[in-house]
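Subject: Structure handover

Hello,

Here is the structure for you to look over. My notes on what turned up follow below it.

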Amino acid sequence: MKKILTVIGPRPQVIKSAAITRVVRDDFRGELEEVVVHTGQHFDANMSSDFYAEMFLPIPRYQFEIDVSEPLPINQMIQNIQAAVQKESPDALLVYGDTNSTLAGTISAIIEEIPLIHVEAGMRSFNMLMPEEGNRILTDHSSDLLFSSTKIGVLNLKKEKINSDKVKYCGDVMFDNSLFYEAKAREQSTILTRYNLKHNEFNLFTCHRGSNTDDAVKLRAILEGVIEIKLKSGNEIVFPMHPRTEKMILKFFGPCYLDQLKSEILVIPPASYLDVIMLECNSNIVITDSGGIQKEAYFFKKKSLILRGETEWGEILDNQAAILFKVNEGSLIQAYDKVQKLNPNFKDIYGDGKAGEFICNEILELLK
């Protein structure tokens with residue numbers, strides 16, 4: 001029996017981890033044991049026991065908290081991960097994506113001298129102003145086994161001279177999840193009836209990235225742009241508002257502005273994962289700055305307007321399923337018009353839905 005210690009932080013990483021946790025539990029019992037560590041990064045009160053139950057996941061064995069009054073929270077994460085490693089003595093440490101939790105896991109694996117496994121390796125935005133880009137590069141160049149969601153990711157790693165024997169194309173764990181959770185969402189989610197939403201008669205809008213929310217000019221341009229889209233298209237805008245975004249709206253514009261916004265578009269509390277899937281599946285177009293949601297939109301054959309000047313998921317652009325929009329460098333309504341005219345083919349570019357199984361087999365090969 002081999003033991004892997006999985007490090008997760010923000011909610012999207014918890015969701016990604018479900019694909020491998022399910023496979024370990026259902027297909028590799030007796031061969032692999034997984035111990036999950038939650039770093040406390042972006043701890044969300046919505047990630048309660050109910051959240052894990054909805055995801056069919058066990059609560060992490062270790063759930064740490066970050067003292068925000070202390071400097072350098074990543075140091076706290078590293079110390080906590082090291083404590084878990086020393087207690088559990090895992091055979092390998094597994095990280096996802098590109099967050100500070102990912103980097104903390106990477107540094108911990110190096111310090112503790114255990115093999116590092118990176119899921120979602122090779123993704124590049126080529127924008128070094130994004131902290132996530134540095135996290136990706138440092139993690140990839142420190143890993144013993146790198147799983148890339150796309151063939152472009154494999155090519156990126158090859159260009160960076162990473163040993164090709166370490167690099168595996170596996171498809172996307174989020175595609176695995178979309179297949180599994182879409183069926184659950186259709187059975188369990190009531191969000192469409194709760195808000196009287198009709199298929200293809202609304203646009204899903206999400207905005208949480210600091211580069212958008214922490215700039216008053218950009219944030220106002222985005223919010224006023226989506227209101228204009230609603231007025232022109234006649235489709236409702238459904239906006240599950242991230243706590244960070246609400247905080248910045250109140251800071252920059254005040255409560256009256258927020259009340260006015262809620263009278264213009266449908267602002268709802270942060271939605272559960274199953275509810276988000278139903279919103280994605282039934283929306284007309286997805287407007288987002290989220291890396292995960294732009295990709296899920298593609299899984300569910302929805303076009304997206306990406307509120308960023310770059311994306312790690314260039315295949316979506318190549319397949320005419322999305323366009324980029326750099327805020328304050330054009331008109332959001334004009335960008336929306338361009339998205340409407342796209343004619344995507346939605347090719348199967350993210351694997352066969354069995355990335356989790358492939359990853360577990362390769363981990364066992366590494367640890368023989």
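Predicted model: local features only at pLDDT ≥ 70, side-chain atom pairs only at ≥ 80, totals over all residues.

Ile-222 is buried, with a relative accessibility of 1%. Ile-222 sits in helix α10. Leaving aside residues up to four places away in sequence, Ile-222 touches Phe-205, Cys-207, Asn-212, Leu-307, Val-327 and Leu-332. One of those contacts, Cys-207, is itself buried, at 2% relative accessibility. For a distance across the model, take Ile-222 and Lys-166: they are 56 residues apart in sequence, and their C-alpha atoms lie 41 Å apart in space.

On to the cysteines. How many disulfides does a search of the whole structure find? The count is 0. A disulfide is a covalent bond between two cysteine sulfur atoms. Cys-170 shows the problem: the closest cysteine sulfur, in Cys-360, is 11 Å from its own, too far for a bond. The cut-off is 2.5 Å between the sulfurs. Cys-170 is also buried, at 8% relative accessibility.

Next, helix α11, which spans residues 243-253. Its buried residues are Thr-245, Met-248, Ile-249 and Phe-253. These four share one side of α11, because they cover an arc of only 105° around the axis. The general rule behind this is simple: an α-helix has 3.6 residues a turn, so residues three or four places apart point the same way.

What do the buried residues of α11 pack against? Their partners are α9 (210-213), α10 (216-233), β9 (236-240) and α12 (255-264). Among these partners is α10, the helix that holds Ile-222. The face of α11 turned away from the buried side carries two exposed residues, Lys-247 and Lys-251. After α11 comes Gly-254, with a positive phi near 90°.

A probe the size of a water molecule, rolled over the atoms, shows where empty space is left. The count here is 1 cavity of 30 Å³ or more. The largest cavity holds about 50 Å³ of space. Which residues line the largest cavity? They are Ile-8, Val-14, Ser-17, Thr-21, Val-36, Tyr-52, Leu-57, Pro-58 and Pro-60. Helix α1 (residues 11-27) gives the largest share of this lining, with 3 residues. By class, the lining has 7 nonpolar residues, 2 polar and no charged ones.

Best wishes

Definitions and conventions. Residues numbered from 1 in each chain as written. Heavy atoms only, no water. 1 Å grid on protein atoms, 1.4 Å probe; cavity = no way out; pocket = protein on both sides within 12 Å on 5 of 7 lines; lining within 4 Å. Points joined across faces, edges and corners; volume = space filled by probe spheres on them. Nonpolar A, V, L, I, M, F, W, Y, C, P; charged D, E, K, R; others polar. Buried < 20%, exposed > 50% of the residue type's maximum accessible area, 1.4 Å probe, protein only. Arc of directions from axis to C-beta. Contact = heavy atoms within 4.5 Å.
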